Amino acid sequence: MGKVKSRSGSQRRRTTKRINVNCTPEHYAAISKLTEAHGQSASALVLHTLFGIPLPRTRHPRPMTS
């Protein structure tokens with residue numbers, strides 16, 4: 001029999017609740033700029049800031065060589 005794959009990290013998460021936040025266009029632009037600069041989602045940055053939850057690791061693709 002073949003090896004049974006375990007669930008990936010995203011499938012084990014229990015983040016099932018969602019919070020919507022209203023903000024000004026200026027706040028939205030600032031949040032978007034931060035998410036791009038850190039390579040993280042807005043959710044990851046908020047959870048890290050509020051609760052000290054570590055940010056997920058970012059993947060850095062290897063440069064292609066010819």
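Author: A residue counts as buried under 20% relative accessible area, as exposed over 50% and as partly exposed in between (1.4 Å probe, protein chains only). The model is predicted: local features need pLDDT of at least 70, side-chain atom pairs count only at pLDDT 80 or more, and totals for chains, interfaces and linings use all residues. Numbering runs from 1 along each chain as its sequence is written, and side-chain values use heavy atoms, leaving out hydrogens and water.

Reader: What percentage of the 66 residues in the chain is buried?

Author: The accessible surface of the chain (Shrake-Rupley method, 1.4 Å probe; for residues, only the protein chains shown count as cover) comes to about 7,300 Å². Carbon and sulfur atoms account for 56% of that surface. Of the 66 residues, the buried share is 6%.

Reader: Which pattern does the chain follow along the sequence?

Author: Helices (H or I, at least four residues) and strands (E, at least two) are DSSP runs numbered from the N terminus. The chain has 3 helices and 0 strands. Read along the sequence, the pattern is α-α-α.

Reader: Which element of the chain has the lowest mean pLDDT?

Author: The predictor's confidence in each residue, pLDDT, runs from 0 to 100; its mean over the chain is 82, and 76% of the residues reach 70 or more. Helix α2 (residues 25–38) has the highest mean among the elements, 94. Where pLDDT is low, the predicted coordinates should not be read in detail. At a mean of 59, the lowest belongs to residues 9–12, helix α1.

Reader: How many Å apart are the end C-alpha atoms of α2?

Author: The expected span of a helix is 1.5 Å times one less than its number of residues. For the 14 residues of α2 this gives 20 Å, and the model agrees, because the end C-alpha atoms are separated by 20 Å.

Reader: Which residue with a positive phi follows α2?

Author: Q40 has its place in the loop between α2 and α3. The residue that follows α2 has a phi near 65°, and it is G39.

Reader: Is Q40 buried or exposed?

Author: Q40 touches T35, L45, L55, P56 and T58 (contact means heavy atoms within 4.5 Å), with residues up to four places away in sequence not counted. R57, in the segment after α3, lies 17 residues from Q40 in sequence and 9.0 Å from it, C-alpha to C-alpha. R57 is exposed because its relative accessibility is 82%. Q40, because its relative accessibility is 12%, counts as buried.

Reader: How many Å separate L45 and L55, C-alpha to C-alpha?

Author: L45 is in helix α3 and counts as buried because its relative accessibility is 15%. Leaving aside neighbours within four places in sequence, L45 is in contact with L34, T35, H38, Q40 and L55. L45 and L55 stand 10 residues apart in sequence, and their distance in space is 7.1 Å.

Reader: What is the area of the nonpolar surface patch that includes L47 and I53?

Author: L47, in helix α3 (residues 42–51), is partly exposed because its relative accessible area is 33%. I53, in the segment after α3, is partly exposed because its value is 39%, and it touches L47 and H48, not counting residues up to four places away in sequence. Together V46, L47, L50, F51 and I53 make a patch of about 480 Å².

Definitions and conventions. Patch = residues over 30% accessible without salt bridge, like charges linked within 9 Å, V, L, I, M, F, W, Y side chains within 5 Å. Salt bridge = Lys/Arg side-chain N within 4 Å of Asp/Glu carboxyl O.
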